[in-house]
Amino acid sequence: MKITPQKIYKILLKKFGDLNWWPIDINYHEKNNSDPRFEVIVGAILTQNTAWSNVEKALTNLKLLNKLDIKNISEININELQDLIRPSGFFKQKAKRLKDLVSYLKDKYHGDLNYLFYRDISVIREELLSLKGIGPETADSIILYAGNLPIFVVDAYTRRICQRIPLNTNISYDEIQDYFETELSRNYTKKELTKVYNELHALIVLLAKKYCKKNPECIECPLKKICSYYAELFQ
DNA sequence: GTCCAGGGCCGTT
DNA sequence: AACGGCCATGGA
């Protein structure tokens, strides 16, 4: 029996259910008439190699001062921005990355995310990747979770699980991404894919945090029946 | 006190 | 192309 991404998706979905990942503070954005997608974008930058709990503190700081929108980030003093996002770590480079990003959004799209996400996915991806501080995972997280467009996000967790099962032992980001997208495209319609990519990435992150850790705890892992790493434990 | 988290950049080999 | 050092805070 061949192990596929769609099989893993089914097992994890049955075990953990719908995760409704990357929920944003809709009350804040309704009250301030701001774009909730921008909160996702900021979160994607701030969470680089950083625990989400620390990112939440930074986002809270930005909201308390009503700074969580494109216009206000572009106008805020860089030192003040650093101070607000300090809890998320790497605060100097992340402040610069946010500044560069909002400059790009203002210059090219008049600060309107509709204009950005209206474009082709490949164009959005290339533009985001051209910005210093936005690599493949951040770009794809923005496209998927802010743009609600079908692209599969690969991260350190995805790689680790792919190696252990093994599902796909490629190292390059693009090859793993292409593998997941090609496989999943065979079983789901175009309309379903965004939802599937969104959910599967969230499920993978949860699995990696609970079971497939750096030092794995395989005993109760929902994937142990199809995982050769688990099988080798008992050789 | 040590480890590590939802990466990415840059310099060296 | 691949690897190592670096960036920084806060929770376990």
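Lys and Arg count as positive here, and Asp and Glu as negative. On that count, chain A carries 35 positive and 29 negative charges, and their mean positions are 5 Å apart. The model is a predicted one. Chain A has 14 helices and zero strands.

**Fold and overall shape**

- The C-alpha trace of chain A spans about 60 × 35 × 30 Å along its principal axes.

**Packing and surface**

- Of the 235 residues in chain A, 47% are buried.
- Take the contacts in chain A with a separation of 6 or more: 61% of them come from residues 24 or more positions apart.

**Aromatic pairs: Trp21 with Trp22**

- The structure holds 11 aromatic pairs.
- In one of them, the ring centres of Trp21 and Trp22 are 6.0 Å apart and the planes stand at 75 degrees. Planes over 60 degrees apart count as edge-to-face, so the Trp21–Trp22 pair is edge-to-face.
- Trp21 has a relative accessible area of 30%, so Trp21 is partly exposed.
- Trp22 has 15% relative accessibility. Buried means under 20%, so Trp22 counts as buried.

**Aromatic pairs: Phe152 with Phe180**

- Phe152 and Phe180 form a stacked pair, with 4.4 Å centre to centre and 10 degrees between the planes.
- This pair links distant parts of the chain, as Phe152 and Phe180 are 28 residues apart.
- Phe152 sits in the loop between α10 (136–146) and α11 (156–164). Phe180 belongs to helix α12 (residues 173–185).
- Phe152 has a relative accessible area of 0%, so Phe152 is buried.
- Phe180 comes in at 3% relative accessibility, so Phe180 counts as buried too.

**A ring cluster**

- Ring pairs join Trp21, Trp22, Trp52 and Tyr145 into a cluster.
- The cluster thus includes Trp21, which is partly exposed, and Trp22, which is buried.

Technical notes. Residues are numbered from 1 along each chain as its sequence is written. Chains are lettered from A and ligands numbered from 1 in the order in which they are written. This is a predicted model: local features need pLDDT of at least 70, side-chain atom pairs count only at pLDDT 80 or more; totals for chains, interfaces and linings use all residues. Side-chain values use heavy atoms; hydrogens and water are left out. Helices (H or I, at least four residues) and strands (E, at least two) are DSSP runs, numbered from the N terminus. Buried means under 20% relative accessible area, exposed over 50%, partly exposed in between (1.4 Å probe, protein chains only). Contact means heavy atoms within 4.5 Å. The place of a charge is taken as NZ of Lys, CZ of Arg, CG of Asp or CD of Glu. Rings of Phe, Tyr and Trp (its six-membered ring) pair if their centres lie within 6.5 Å; planes under 30 degrees apart count as stacked, over 60 as edge-to-face and the rest as tilted.
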